[in-house]
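Please read the following report alongside the sequence and the structure shown here. It goes through a few selected places in turn.

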Amino acid sequence: MRILLLASAFNSLSQRLHAELRDRSHSVNVQLAGDDEELLDAVRRLKPDLLLAPMLRTAIPRELWSQLTCLIVHPGPPGDRGPSSLDRAIREGRTEWGVTVLQAEAEMDAGPVWAWAPCRLPGYGKSDLYRNEVSDAAVAAALLAVERFASGTYAPQPQSGPGWSATVRTRPALRQQERRIDWAADSTETVLRGLRAADSRPGVLDELCGGTWYLHGGHREPVLRGCPGELLATRAGALCRATTDGAVWIPELRRHTPGGPAGIKLPAVTALGGLLPALPELAAPLMPEGEDGPVWSDLRYREDGPVGFLRFSFPGGAMSTGHCRRLLAAYRFALARPTSVLVLGGGRDFFSNGIHLNVIEAAADPAVESWDNITAMDEVVDAVLTTTDRLVVAAVGGNAAAGGVMLALAADEVWCRGGSVLNPHYRLMGLHGSEYWTYTLPRRVGAATAERLTRQALPVSAATAERIGLVDRVLACGPEEFGPAAAHLAGLLAASPTTQRRIAAKKAAREADERTKPLDAYREEELAVMHRQFFTPESPYHALRSAFVRKRPVPTGTATRS
């Protein structure tokens, strides 16, 4: 079928559905919402059989839904209505939820139901849940709805009448007045639910250090205590703030400027800058005793016999210069341990999206910060590529893009969850890219496929990634099961009688490749192009980066070719 995806942003769910539908041989086009005339023109030009809206903040015009079947993906179970469905579910502590695909009509979320799927809501932030459990349910429901529509025989279920048993609950948008944290009265659990329900968008408005800020994300602190609302410490760019019965870590802030330009999310310590009072920096142990434990950290190393596990989890998958340097230090620590297999990643959310565009945008000199960031990222990738005394596995539990994909490709094996989406390209940010991709990507998929992936700049599903050789193994499991499943497979790999032979062969192959063309040559060629793109003021990268970070439309006529 010809399917038009309509979305307010080409976000993680839109990308996943785009890839999954293309895998099933549908012809898929994407139209960004916002201009009804442009939308109607696109429909007249493309003549889709079906319109599917995975993420929509505006209503579809009557002129369209009255003539064409338009299906809306709503992140709530049947009967749930309103624009803040998932936010409210998290704030209320719901553990069971669902996603409904319904037909667009005049009343929002009230059209006939074509499909729905249940999902669990474990204790994570909204964006994490949206990319994982909710995304799994949304894809299952949307693909079923598409299949039912294509059959031409299925009658969707009206949300009324004798066949309808769900309770209808229509709730308004969750405003900042309702999201506000009362630091003098709210428990840690209440604060966490509020922060997690707004972690990516819109954040929780609050007063801090004499200014007004949106707080993004939250993690429990098990030990530190103080007067409610008091700032207690910093860790890896995050702030620890006391609650009535404990404390929470807040990783990111965004400045609130009424009537001014929208602020951008930054590591909390970076955002506050000189406004932050003197606080102790309390680093978490990289390798704590026992299991992972309750202490929050964005870097963690553990061992299980001959297998080492280095997990990292940076907000939004973005890796600043500081993140890269800390990850490199942790990787070098892991290399000093007596293991034969090292698993890099293994978390449930983003693996990596490469350099930190927000930190770059906020820097005094974005070109210099871009250069520092990409060279720090290259150092991490170089360390993985030149590891010859053990096997390295990249365990990609969530999505990955740009340099994050290339970081994974530096490993000997890449395993990803069935719900992962990969974007192995840089073109949409006007960049050539580095991270040794000109060596690793063609080595995996061949020169022709590498050229196609980087030129087309389209999302790739886990299934397609495995088929073309971009990844070695796809784990068909839920987000919570990915880490344990990858750990089990890593144990089997370490115990395999062929592993030591593979390590020896790997070392010989690396030495042969180095003689053919040194890694430094790939890096120098890549960085020569990147240097021009960073330090040329009229380079498209600067306008594209600023538009992306500040959630503005891409400037008309901005080229995206490197």
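## A salt bridge across the chain

Asp349 and Arg131 form a salt bridge in which the closest N and O atoms are 2.7 Å apart, where a salt bridge is a side-chain nitrogen of Lys or Arg within 4 Å of a carboxyl oxygen of Asp or Glu. The pair links distant parts of the chain, 218 residues apart, with Asp349 in the loop between S19 and helix H11 (357–362) and Arg131 in helix H5 (residues 126–131); helices (H or I, at least four residues) and strands (E, at least two) are DSSP runs, numbered from the N terminus. Asp349 is buried, with a relative accessible area of 17%, and Arg131 is buried as well, at 14%. Buried here means under 20% relative accessible area, exposed means over 50%, and partly exposed lies in between (1.4 Å probe, protein chains only).

This is a predicted model, in which local features need pLDDT of at least 70 and side-chain atom pairs count only at pLDDT 80 or more, while totals for chains, interfaces and linings use all residues. Residues are numbered from 1 along each chain as its sequence is written, and side-chain values use heavy atoms, with hydrogens and water left out.

## Other salt bridges

A search of the whole structure finds 35 salt bridges. One of them joins Arg44 to Asp41, with the closest N and O atoms 2.3 Å apart; both residues lie in helix H2 (residues 36–46), three residues apart, which is about one turn of the helix. Arg44 is partly exposed, with a relative accessible area of 45%, and Asp41 also counts as partly exposed, at 38%.

There is also a network of salt bridges, in which Arg16, Glu20, Arg24, Asp136 and Arg417 are linked.

## Thr339 and Arg390

Thr339 is found in the loop between helix H10 (321–335) and strand S19 (341–345), and at 9% relative accessibility this residue counts as buried. Leaving aside residues up to four places away in sequence, Thr339 touches Tyr301, Glu303, Gly305, Pro306, Val307, Gly308 and Arg390, contact meaning heavy atoms within 4.5 Å. The C-alpha atoms of Thr339 and Ile3, which are 336 residues apart along the chain, are separated by 49 Å.

What does the side chain of Thr339 make with the side chain of Arg390? The two side chains make a polar contact at 2.9 Å, that is, a pair of N or O atoms within 3.5 Å; within protein, one must be able to donate a hydrogen and the other to accept it, and residues adjacent in sequence count only if both atoms are side-chain atoms. Arg390 also forms a salt bridge with Asp389, the closest N and O atoms being 2.9 Å apart. Arg390 counts as buried at 3% relative accessibility, whereas Asp389 is partly exposed, with a relative accessible area of 45%.

## Ser320

Ser320 is found in the loop between strand S18 (307–312) and H10, and is buried, with a relative accessible area of 9%. Not counting residues up to four places away in sequence, Ser320 touches His356, Val359 and Asn373.

Strand S12 (residues 231–235) is largely enclosed by the rest of the structure, because five of its five residues are buried. Four bridges join S12 to strand S13 (residues 238–242), and the two run antiparallel; strands pair if DSSP finds at least two bridges between them.

Within this pairing, Ala233 stands opposite Cys240 in S13. S12 and S13 form a hairpin with two residues between them, and Ala236 in the turn has a positive phi of about 50 degrees.
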